[in-house]
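Colleague: I would like to learn how to read a ligand site and a single residue in a model such as this one. Could we go through them step by step?

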Amino acid sequence: MTRTLLAAALLLAAGGAQAQKFEGLADTPQMGWNSWNKFGCEINEQLIRETADAMVTLGMKDAGYRYINLDDCWHGQRDKDGTIQADPVRFPSGIKALADYVHARGLKLGLYSDAGATTCGGRPGSRGHEYQDARTYAAWGVDYVKYDWCDTKGLNAEGAYTTMRDALRAAGRPILLSICEWGDNKPWDWARDVGHSWRTTGDIYACWDCEVSLGSWSTFGVMKIVDKSLALRKYAGPGHWNDLDMLEVGNGLTPEEDRSHFSLWAMLASPLISGNDLRKMPEAVRKVLTNQDVIAVNQDKLGVQALRMLTDGPLEVWIKPLAGADWAVLFLNRGEQVLERGYDWHKQPLSDDLSKRSADLKKTAYRWTDLWQRKTGDTAKPLALKLAPHGVTMLRLTPRGSAL
Ligand code: GLA
């Protein structure tokens, strides 16, 4: 082999090794907490430390949450060499110290940046500083970057996100890349190997089915985001998820809506990034966010996003094939009245074109476990549904005979 060929082969091998470090970071949807939904720009290092502590002491870490993500407004200015600094008033100890604090608790730290010159909150973006910022993040011990799309006039999205991906790879530390361009440039068509997840819509709002217009920008309630995800299910899978946005559980929805929102995000294999004040959450909210059985549906290894199998008036039936022979089935009442209905399992087989799995419940009976009510039953008998307005029943089906 000539010297040039050898050098090229070594370079390729190094590139391959770097790429490998980024695989496996999101084999199942990422789980964590993000500051934006509750705190906006009002963040500081004490809040972040207390949130990391709460994540451990309140059982969130045990339930699978890992990332503590600072959203917009952690930034100060760039120094004379162009290196980004943390806001010296809000983060006087710096991001490295915060990462050390978070890591010491077995958690990971995330930061937010933007592909444009300024972030949505008007702080310095990464445009023109991508490799420098990636090196700074790696040196600080950052594990996750959410990369936004404000102030990006004239930029090509695929190119800009690929640049940041390559910059992170070159920096050498495994860092999860969360793409946030609101679905504007159809990231599902090109981002499978660029980021680990991509936002599908504009920002979530803590309401059930509203759309709030703020000039040229809209925010969306839970069901609006769910409806927009319907056409995108085939693009999701291990390592590349549809991100339905950070959770609004605990931020003002009704208790029923909190459970439904969380169940839907689990069924739809979205990242589960809590967005409430963990330090002050009521026990009822904690119970929703730490429901291990619902989380297991989200984290299922097969990684198939749920299919809406049936719509019948206000009733929707969603199914998600799980690894092995299990299924998750979600009954959702979109309406404003209590919905009482019998559901005959024999009427329609469960069938999913993506995983090519189906279950004819006339032929095979399944045992079910109600993941919120902790009841059990059998598909041999029709299911007696009683759903509160905006409420759900979420079941896990297991072939009869196998242990639950
Ligand atoms: C955009 C993103 C939000 C949040 C804000 C911060 O709106 O979509 O999730 O990061 O910016 O300014």
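Colleague: How many Å separate an oxygen atom of the ligand from an N or O atom in the side chain of Asp148?

Modeller: Bear in mind that this is a predicted model. A polar contact is read as a pair of N or O atoms within 3.5 Å. Here an oxygen atom of the ligand lies 2.8 Å from such an atom in the side chain of Asp148, while for the side chain of Asp71 the corresponding distance is 2.6 Å and for that of Arg199 it is 3.2 Å. The protein buries 95% of the 310 Å² that the ligand exposes when taken alone.

Colleague: Which residues come nearest to the ligand, and how is the shell around the ligand divided by class?

Modeller: There are 14 residues around the ligand, and those that come nearest are Asp71, Asp72, Lys146, Asp148 and Asp203. By class, the shell comprises seven nonpolar residues, six charged ones and one polar one.

Colleague: What feature does UniProt place at residues 312–397?

Modeller: The unreviewed UniProt entry gives "domain: Alpha galactosidase C-terminal" for residues 312–397. In the model this span is 52% strand and 0% helix, and its end C-alpha atoms lie 21 Å apart.

Note on methods:
Residues are numbered from 1 along each chain as its sequence is written. This is a predicted model: local features need pLDDT of at least 70, side-chain atom pairs count only at pLDDT 80 or more; totals for chains, interfaces and linings use all residues. Side-chain values use heavy atoms; hydrogens and water are left out. A residue is near a molecule or strand if one of its heavy atoms lies within 4 Å of it. A polar contact is a pair of N or O atoms within 3.5 Å; within protein, one must be able to donate a hydrogen and the other to accept it, and residues adjacent in sequence count only if both atoms are side-chain atoms. Accessible areas come from the Shrake-Rupley method with a 1.4 Å probe; for residues, only the protein chains shown count as cover. Ala, Val, Leu, Ile, Met, Phe, Trp, Tyr, Cys and Pro count as nonpolar, Asp, Glu, Lys and Arg as charged, and the others, Gly among them, as polar. UniProt positions are given in the numbering used here, feature names are shortened, and annotations may be inferred rather than shown by experiment. Helices (H or I, at least four residues) and strands (E, at least two) are DSSP runs, numbered from the N terminus.
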